[in-house]
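This briefing sets out computed features of the structure shown below. Please read it alongside the sequence and the coordinates.

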Amino acid sequence: MSNWFSQAASVTAFSLRTIGQRRGSVLTTAVGVAGVAVVFVGVLSIAAGFRGTMQSSGAPDVAIVLRTSANGELSSVLSREETQLIAEAPGVARAGGVAQSSAELFVIINLPDKKTGSDANVPLRGVGPAAFLVRDRLQIVAGRRFEPGRNEIMVGAGAARTSAGLEVGRKIKLGNNEWDVVGIFTAAGGSAESELWTDAAVLQTSYQRGSSFQSATVRLASPESYQAFRDALTANPQLKVQVQRQSEFYESQSGALSGFIEIAGFFIAAMMALGALFGALNTMYTAVATRVREIATLRALGFGAGPVIVSVLTESMLVAIVGGTLGAGAAYVAFDGFTASTLNWQSFSQVAFAFRVTPALLVQAIALSAFIGFLGGLFPALRAAKIPIAAALRET
Amino acid sequence: MSNDNNEVLVDVQGVDRVFRRGSEEIHVLQKLDLQVRRGEFLALMGPSGSGKSTLLNLIGGLDRPSSGTVAIGGERIDGLNDRQLAAWRARHVGLVFQFYNLLPVLNAQRNVELPLLLTSLSAAQRRDHAVAALEIVGLKDRNSSFPTQLSGGEQQRVGIARAIVTDPTILLCDEPTGDLDQKSGDEILSLLQALNREQGKTIIMVTHDPHASARASRTVYLNKGRLLAEKPE
């Protein structure tokens, strides 16, 4: 058996030493596979980044309450009385006797995009005083919080990055009113960073919403309190609401888009992989064809068919893995942390997020490359093994 | 195996070799018998397409007969499968080709070492054997030369060194001088003759050069797949 392995190693070494003579086609194959890896990693890092942003938006001990029929905050309505019933429900965390429940308004405004200059939808959230307790990962990084009762806005870091005119000290005009930008905040990379925040009461007035809200975001006493809280609300005949954990809510909000990006990414990568596969096939058929006499000579001397197959497969996979690794590395350098924003179709507003090239993506890209190399080498390898020795010995 | 000079080393009995081209059957060898004794230097002559190389391939285990038997040193090889044949070739056959068939990426010594990769010899032993074989063919000083740096005659010497390095039972040469000029060809024939006379190597050489066959101890003629009793006119 060790003899078999040393045969395979020797034959592979001979074949690898001829790569230089075939560098044109070998290089083409490597570049083709590298392209597949770039696209694969690039597109899927979008999905990973978007999903990551939406997932870090949600905490397991925070629940969001919407009207029963609503499929997002935008289509939900809650009256003041309803929000009060929600705040009084069992399972809600309390600090100094005050329920940690934030009744919120959610409207879409238009702001010019920094890059394109054209208007893009940006979410403006009106929040209650408890909002800062409920979303405890929120941090002011510039300026200060808005003051209740005033036309003041604080801006998520993602929104500040993608929309124009949101620097602290600037004024923006929304509807008939001017608003002061007073602060910039982060929210641990969550989707709140794509939002603008102001006082819910001020927003109700300027958007003529009376005393109605759209959602209530509630911190629970513990993650385990969720069931009791939910049961109390859904059993209450005065309320027509649905309850979700915040983490699940954002997951469902992002699922459609990241799913779509993933499918598109896989599809594009699959198409390119098919192209690269034919490139690899062509390269390896050529490699076998130019070495027919050499392979036949080795076989005539007594080398087995197995080592010949191994040598062709090894070369093909090696070229593909080198190409794929370079491509994945290039994608990492180019895309990791690259910031972008997209329309979240559930809320019709911009979500700012960063591409994430995860280690898993890199491993997948290299595995895909190896697979392309394997398939591309398999049939040429089998052909090499079946070369009629006697006839091939005389080929010139 | 004994070294009795009358021992039949190669015993080909009633061999047919039929190739198919579409629906047509081509009988390249027909009911052919051939015996070669140990220590013989046999020249196999005949016009193109007479079946010389096909016969050589059958004796060398590179091909199998359609019917009939081939025994080398008393061992039947016509029934071996591909894997068994490959192992048998590695042990018993030294092959010399018209176009040398050296691996261009390997230097002379490495080319000669190739068949030894199939043995259990250590790297140092392989090197020693290869150096000794190159010395026998007169290329002691060209160990590290690559095939492209060698003349045709020198390349064929490396080919012969590769063929004898395993001390095979039989040396099979397919037109060994076919690609060489007269002078280089003569040197190669002298080398083969010396291997036959001084080292007792059994050699079968396919050629259609009468000059080459004159160096052999016996010449047989093939025509249309059959052995002729005597030299054709």
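Val10(B) belongs to strand S1 (residues 8–21) of chain B; helices (H or I, at least four residues) and strands (E, at least two) are DSSP runs, numbered from the N terminus. The model is a predicted one, in which local features need pLDDT of at least 70, side-chain atom pairs count only at pLDDT 80 or more, and totals for chains, interfaces and linings use all residues. Residues are numbered from 1 along each chain as its sequence is written, while chains are lettered from A and ligands numbered from 1 in the order in which they are written.

**Selected residues of chain B**

- Val10(B) is buried, with 22 other C-beta atoms within 10 Å; a residue is called buried if 20 or more other C-beta atoms lie within 10 Å of its own, exposed if 12 or fewer, and partly exposed in between, with C-beta atoms placed from the backbone.
- Apart from neighbours within four places in sequence, Val10(B) is in contact with Leu34(B), Gln35(B), Val36(B), Ile59(B), Ile72(B) and Ile170(B); contact requires that the C-beta atoms of two residues, placed from the backbone, lie within 7 Å.
- A separation of 6.0 Å is found between the C-alpha atoms of Val10(B) and Ala71(B), which are 61 residues apart along the chain.
- Leu227(B), in strand S10 (residues 226–228) of chain B, is also buried, having 20 other C-beta atoms within 10 Å.
- When neighbours within four places in sequence are left aside, the contacts of Leu227(B) are Leu32(B), Leu34(B), Val220(B) and Leu222(B).
- Leu227(B) and Leu44(B) are 183 residues apart along the chain, and their C-alpha atoms are separated by 9.7 Å.
- Lys31(B) lies in strand S2 (residues 24–37) of chain B and has a phi near 40°, a positive value in a residue other than glycine.
- With 14 other C-beta atoms within 10 Å, Lys31(B) is partly exposed.

**Chain B as a whole**

- Seven helices and ten strands form the secondary structure of chain B.
- Along the principal axes, the C-alpha atoms of chain B fill a box of roughly 50 × 45 × 40 Å.
- Of the 233 residues in chain B, 48% are buried.
- Contacts in chain B between residues at least 6 apart in sequence include 70% that join residues at least 24 apart.

**Chain A as a whole**

- Chain A contains twelve helices and 14 strands.
- Chain A is more spread out than a compact globule, because its radius of gyration of 30 Å is well over the 21 Å that the globule rule gives for 396 residues.
- The C-alpha trace of chain A spans about 95 × 45 × 30 Å along its principal axes.
- Buried residues account for 50% of the 396 residues of chain A.
- Among contacts in chain A between residues at least 6 apart in sequence, 84% link residues at least 24 apart.

- Chain A is assigned domain 1 (2–55 + 253–392) and domain 2 (69–239), with bounds that come from an automatic or database domain assignment.
- The C-alpha centres of domain 1 and domain 2 of chain A are 47 Å apart.
- Helix H2 (residues 23–55) and helix H8 (residues 246–290) of chain A pack at an angle of about 175°, and their axes are 8 Å apart; axes are lines fitted to C-alpha atoms, for helices over the stretch in contact, and angles run from 0 to 180 degrees between N-to-C directions.
- H2(A) and H8(A) are therefore roughly antiparallel to each other, a term for angles over 145 degrees.
- The contact of H2(A) with H8(A) has 21 nonpolar, 16 polar and three charged residues; Ala, Val, Leu, Ile, Met, Phe, Trp, Tyr, Cys and Pro count as nonpolar, Asp, Glu, Lys and Arg as charged, and the others, Gly among them, as polar.

**A loop residue of chain A**

- Gln208(A) is located in the loop between helix H6 (200–206) and strand S11 (215–219) of chain A, and its phi is near 50°, a positive value in a residue other than glycine.
- Gln208(A) is exposed, with 7 other C-beta atoms within 10 Å.

**Contact between the chains**

- Chain A gives 20 residues to the contact and chain B gives 19 residues.
- On the side of chain A that touches chain B, helix H1 (2–16), helix H9 (292–301) and helix H12 (389–392) each supply at least two residues, and H9(A) provides the largest share, six residues.
- By class, that side of chain A has eight nonpolar, eight polar and four charged residues.

How values were computed
Parallel < 35°, antiparallel > 145°, perpendicular 65-115°, else oblique. Rg over C-alpha atoms; globule rule 2.2 N^0.38 Å.
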